[in-house]
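Let's take a walk through this structure together. Have the sequence and the 3D view ready, and follow along as we go.

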Amino acid sequence: MSSGQNERREMTGAEMVVQALKDNGVKHVFGYPGGAVLPIYDEIFQQDEVEHILVRHEQGAGHAAEGYARSTGKAGVLLVTSGPGATNAVTPLQDALMDSIPLVCLTGQVPTSLIGSDAFQECDTVGITRPCTKHNWLVKDVNELAATIHEAFHVATTGRPGPVVVDIPKDVQFAKGIYVPPQTAPRTSYQPKVQGDLEKVKAAVELMAGAKKPIIYSGGGVINSGPEASHLLRELVDLTGFPITTTLMGLGAYPASGKNWVGMLGMHGTYEANMAMHDCDVMICIGARFDDRITGRLTAFSPNSKKIHIDIDPSSINKNVHADVPILGDVGRVLEDLVRLWRATAKADKKALYPWWEQIAKWRARDSLAYKMNNDVIMPQYAIQRLYALTKDMDTYITTEVGQHQMWAAQHYHFDKPNRWMTSGGLGTMGYGLPAALGVQIAHPDALVIDIAGDASVQMTMQEMSSAVQYEAPIKIFILNNQYMGMVRQWQQLLHGNRLSHSYTEAMPDFVKLAEAYGGHGIRCDKPDELDDAIREMISVKKPVLFDCRVATLANCFPMIPSGKAHNEMLLPDEATDEAVANAIDAKGRELV
Amino acid sequence: MNAQLQPTGSAYFIAKETEKPETHTLSVLVDNEPGVLARVIGLFSGRGYNIESLTVSETEHEKHLSRITIVTRGTPHVLEQIKHQLERIVPVHRVVDLTVRSHELGQERPLERELALVKVAGTGDARVEALRLADAFRASVIDANTEHFIFEITGKGSKLDQFIAIMKPLGLVEICRTGVAAMNRGPQGM
């Protein structure tokens with residue numbers, strides 16, 4: 001059916017939903033049926049252009065859609081029913097809001113005549129999701145449904161991307177109306193500024209040209225802006241010879257194998273990255289937002305630097321840290337101007353940067369990611385290093401849960417390309433990684449998709465193993481199993497006198513049997529010298545795998561900027577004695593998260 | 001020191017406040033659609049900002065535009081954040097900090113007016129005194145019988161405060177006040 005026939009055609013609301021998905025280029029929808037979305041499911045049943053992936057819990061649908069979106073750069077779509085369907089989607093919506101991920105969430109609603117009557121499976125979906133979406137709509141008129149869904153895609157994917165919700169009452173799904181195709185004219189009140197102010201870009205180039213101790217600090221905004229932005233970032237680094245660090249969300253925008261890479265920064269970033277941030281004279285922040293995990297104590301944050309901040313969201317600029325040169329715009333567009341102007345007017349004096357690079361080399365020599373190898377037990381860092389060594393030359397995508405394993409993955413798995421690393425950064429959602437891996441695998445059926453997981457996180461959304469088996473999505477769940485909520489325990493050691501309140505899981509499932517129960521494949525490994533073979537087995541199995549990697553139970557994640565401390569007050573692994581850990585955070589810092 | 005400080009937002013803002021809070025009046029032009037007010041006030045409660053007064057009404061019927069006037073209090077840095085956060089709301093067209101604008105125009109503050117309905121019941125001297133004072137304040141009587149008046153008074157908030165305080169001993173029964181309606185002096189629009 002050509003789209004020409006569909007222009008201004010009469011159809012039911014449910015038909016419009018499916019038509020609008022097709023017209024917005026949607027190939028996959030993650031969802032779970034229920035009473036208030038049955039008409040839409042009936043339409044999905046009668047076509048095969050849009051493939052529906054049935055999850056086991058609506059939270060799984062949301063994270064799968066996030067994984068899909070982060071790995072493709074397109075909007076992720078989820079379809080859930082009213083009431084509990086919508087409330088279960090709230091966690092992924094907030095997760096997507098904090099990490100700027102484009103999601104379109106379609107929710108069923110009780111018929112308009114029953115709204116407000118406490119009907120079965122009714123909830124105030126637009127009210128509940130208002131603070132956790134970029135925008136949301138309740139569609140009461142079938143003639144506005146198509147235009148609303150098109151607008152939803154536009155809002156989700158443009159400007160600073162984010163999640164949106166379209167709430168569709170059941171009677172609107174049955175009602176007949178006129179379908180309109182996607183229009184190019186967006187609403188007048190929503191006009192994100194993408195082109196940066198050229199005068200400001202000039203000022204930035206001038207500042208950068210005179211820098212003796214510069215650092216580029218880039219974030220998820222570069223990934224969100226698209227592959228061209230990452231390309232331009234690399235070009236800028238090559239032209240200037242500046243060192244570059246990225247946030248957790250920004251990993252892969254600049255290759256970890258690149259010579260100017262100083263590692264991730266922030267609470268569990270490298271010593272060299274954080275020290276360079278602290279001591280720099282010019283900081284170029286590109287698509288990052290000076291999050292509290294990044295800055296440490298704000299009053300001591302990079303005290304002697306001039307700061308250039310490029311961001312598409314005006315509320316991110318000057319929020320936590322004052323920008324001397326604020327540039328409002330899409331980082332891709334601004335980088336284009338920046339690179340062009342640098343070529344035209346500035347010349348890199350790479351010699352002038354020698355002392356700075358020498359200093360960085362000294363910090364790097366501290367080897368802040370070092371750990372003590374053990375021949376009897378698998379160290380978690382070692383497990384990630386082996387995983388990296390054995391998968392780096394393949395078409396690999398990595399997702400994670402949240403906790404120590406996530407930080408170890410960020411430190412020891414290295415990314416050379418954008419969109420290969422999917423993790424819950426802002427919200428820190430345990431249970432993100434497994435369903436996200438499912439979403440990534442649906443988008444990239446032939447790729448190797450690995451969820452680096454913790455034993456606690458992975459049990460929060462374990463049910464999606466069943467979805468993975470159903471869709472023959474061979475995701476690999478690589479569990480660093482230490483039987484603890486490791487990061488909770490680490491903080492209890494730091495803050496609460498080593499009283500490990502409820503951070504130990506006394507009853508752990510047999511992950512191998514669990515994998516088999518789901519119809520997947522289970523592997524267990526607890527010996528360092530058997531690890532490589534076990535990982536090879538995991539890679540070669542063509543179905544979902546739960547890999548129970550038994551690691552040293554009491555390992556902690558270092559280096560670390562303890563709460564309330566500055567970049568130059570990092571706790572390094574070789575200094576992290578029990579006593580140092582117990583006294584690392586003072587009374588003020590204890591209140592912080 | 002480069003770091004800016006604000007009371008809310010992040011757990012890391014533990015250092016002492018150095019900027020002084022100010023009261024500002026914001027004008028927010030929005031599409032008049034369901035939920036738009038909830039988005040605006042939800043932003044204030046969700047991010048820990050203050051609302052001292054709020055006035056909302058459709059101002060351009062054909063374009064479905066409403067104007068929301070908010071009086072809020074915060075440090076200059078927080079006020080700038082509020083403006084930018086409001087601008088992120090999809091149906092918001094424009095946000096103008098009228099107080100900042102009035103300073104740019106070389107004025108002390110924008111024009112601000114409130115309206116109050118004040119019901120006063122009584123007989124005898126108190127009743128005569130209430131009417132006399134209302135006249136002095138240019139309040140008009142919009143309802144009355146032999147035992148009560150309802151006065152309508154407009155003006156600056158301080159004038160209304162004063163009027164209400166004076167009416168208290170004269171048989172004040174009930175007060176209803178609007179929020180602030182505000183615009184800047186001069187020929188330019190917002």
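**Where the two chains meet**

The contact between the chains takes 26 residues from chain B and 29 residues from chain A; two residues are in contact if their C-beta atoms, placed from the backbone, lie within 7 Å. On the side of chain B that touches chain A, the elements giving two or more residues are helix 1 (36–46), helix 2 (76–88) and strand 4 (92–97) of chain B. Helices (H or I, at least four residues) and strands (E, at least two) are DSSP runs, numbered from the N terminus. Helix 2 of chain B gives the most to this side, with 6 residues. By class, the side of chain B that touches chain A has 11 nonpolar, 10 polar and 5 charged residues. Here Ala, Val, Leu, Ile, Met, Phe, Trp, Tyr, Cys and Pro count as nonpolar, Asp, Glu, Lys and Arg as charged, and the others, Gly among them, as polar.

Before going on, a word on what you're looking at. This is a predicted model, where local features need pLDDT of at least 70 and side-chain atom pairs count only at pLDDT 80 or more, while totals for chains, interfaces and linings use all residues. Residues are numbered from 1 along each chain as its sequence is written, and chains are lettered from A and ligands numbered from 1 in the order in which they are written.

Let's stay with helix 2 of chain B for a moment. Its 13 residues should span 18 Å at 1.5 Å a residue, and its end C-alpha atoms are 19 Å apart, which agrees; the expected span is 1.5 Å times one less than the number of residues. Which residues of helix 2 of chain B are buried? They are B:Val78, B:Leu79, B:Glu80, B:Gln81, B:Ile82, B:Gln85, B:Leu86 and B:Arg88. A residue is buried if 20 or more other C-beta atoms lie within 10 Å of its own, exposed if 12 or fewer, and partly exposed in between, with C-beta atoms placed from the backbone. The buried residues of this helix pack against strand 1, helix 1, strand 3 and strand 4 of chain B.

Now zoom out to chain B as a whole. It is divided into domain 1 (22–104) and domain 2 (111–183), with bounds from an automatic or database domain assignment. The C-alpha centres of these two domains lie 29 Å apart. Where they meet, 8 residues of domain 1 of chain B are in contact with 7 residues of domain 2 of chain B. On the domain 1 side, strand 1 (22–31), strand 2 (53–60) and strand 3 (65–74) of chain B give two or more residues, and the largest share, 3 residues, comes from strand 2 of chain B. That side has 3 nonpolar, 5 polar and no charged residues.

Chain A has domain 1 (3–178), domain 2 (198–364) and domain 3 (380–550). The centres of domain 1 and domain 3 of chain A, taken over C-alpha atoms, are separated by 30 Å. Between them, 25 residues of domain 1 of chain A are in contact with 27 residues of domain 3 of chain A. Strand 2 (28–31), strand 3 (51–54), helix 4 and helix 6 (90–99) of chain A each supply at least two residues of the domain 1 side. Helix 4 of chain A provides the largest share of that side, 11 residues.

A:Gly67 counts as buried because it has 31 C-beta neighbours inside 10 Å. Its contacts, not counting residues up to four places away in sequence, include A:Thr399, A:Met422 and A:Pro435. A:Gly67 and A:Ile442 are 375 residues apart in sequence, yet 9.5 Å apart in space, C-alpha to C-alpha.

Next, look for A:Glu464 in helix 20 (residues 464–470) of chain A. With 30 other C-beta atoms within 10 Å, A:Glu464 is buried. The C-alpha atoms of A:Glu464 and A:Ala61 are separated by 9.1 Å, and the two residues are 403 residues apart along the chain. Leaving aside neighbours within four places in sequence, A:Glu464 is in contact with residues including A:Val55, A:Arg56 and A:Gly60.
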